[in-house]
Amino acid sequence: MRKKKKQKKSLHPPGGELLSAMQVPSDLAFGEPVVTFYGGREVQIENYRRILEYNACRLCVLTQYGRLLLVGEGIRIVSYSGEEMRVEGRINQVTFQ
């Protein structure tokens with residue numbers, strides 16, 4: 001009786017090896033959220049799904065991997081589209097839930 005060889009588990013989602021070989025960033029290929037900070041007063045959020053809560057102290061958005069919560073003062077959405085948004089205000093806390 002022959003033993004079956006164990007296959008290595010890939011760290012990439014299906015098709016990921018090809019995209020990796022093509023040097024396509026994972027955030028583009030798989031819609032992963034990207035959060036970019038510009039100092040403590042501006043944030044760009046990419047690849048979010050929808051806004052769950054929004055007021056001057058809190059912004060909560062849904063991403064593919066859960067909720068992203070920004071807490072601070074004077075929070076306001078400066079611009080947004082279906083894929084990205086720019087937020088200004090004093091950001092005191094960022095949490096992934």
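Start by selecting Arg76 and Glu88: their side chains meet in a salt bridge, 2.9 Å from N to O. This pair ties together distant parts of the chain, with Arg76 in strand 5 and Glu88 in strand 6, twelve residues apart. Keep in mind as you click around that this is a predicted model. Colour by accessibility and you'll find both partners partly exposed: Arg76 has a relative accessible area of 45%, and Glu88 has 26%.

Now zoom out for a moment and look at the whole chain. It has two helices and six strands, and reading from the N terminus the order is α-α-β-β-β-β-β-β. There are 97 residues, of which 21% count as buried. The chain exposes about 7,400 Å², and carbon and sulfur atoms supply 51% of that. If you take the contacts between residues at least 6 apart in sequence, 37% of them join residues at least 24 apart.

Back to the salt bridges, of which the structure holds three. Select Arg86 and Glu42 next: this is another of them, with the closest N and O atoms 2.9 Å apart. Here too distant parts of the chain are linked, since Arg86 belongs to strand 6 (residues 84–96) and Glu42 to strand 2, 44 residues apart. Arg86 counts as partly exposed at 26% relative accessibility, and so does Glu42 at 21%.

Gln44 sits in strand 2, which covers residues 42–46. Is Gln44 buried or exposed? Its relative accessible area is 12%, under the 20% cut-off, so Gln44 counts as buried. Show its surroundings, skipping neighbours within four places in sequence, and you get Val34, Val35, Thr36, Tyr38, Glu84, Met85 and Arg86.

For the remaining salt bridge, pick Arg58 and Glu53, whose closest N and O atoms are 3.0 Å apart. Both are partly exposed: Arg58 has a relative accessible area of 32%, and Glu53 comes in at 29%.

Arg58 is also a handy way into strand 4, which runs over residues 58–63 and includes Thr63. Select Thr63 and you're looking at a buried residue, with a relative accessible area of 3%. Which residues does Thr63 touch, not counting those up to four places away in sequence? They are Pro33, Asn47, Arg49 and Leu68.

Gly66 lies in strand 5 (residues 66–80) and is buried, with a relative accessible area of 17%. Leaving aside neighbours within four places in sequence, Gly66 is in contact with Val61 and Gln97.

Phe37 comes from strand 1, residues 34–38.

Conventions: Residues are numbered from 1 along each chain as its sequence is written. This is a predicted model: local features need pLDDT of at least 70, side-chain atom pairs count only at pLDDT 80 or more; totals for chains, interfaces and linings use all residues. Side-chain values use heavy atoms; hydrogens and water are left out. Helices (H or I, at least four residues) and strands (E, at least two) are DSSP runs, numbered from the N terminus. Buried means under 20% relative accessible area, exposed over 50%, partly exposed in between (1.4 Å probe, protein chains only). Contact means heavy atoms within 4.5 Å. Accessible areas come from the Shrake-Rupley method with a 1.4 Å probe; for residues, only the protein chains shown count as cover. A salt bridge is a side-chain nitrogen of Lys or Arg within 4 Å of a carboxyl oxygen of Asp or Glu.
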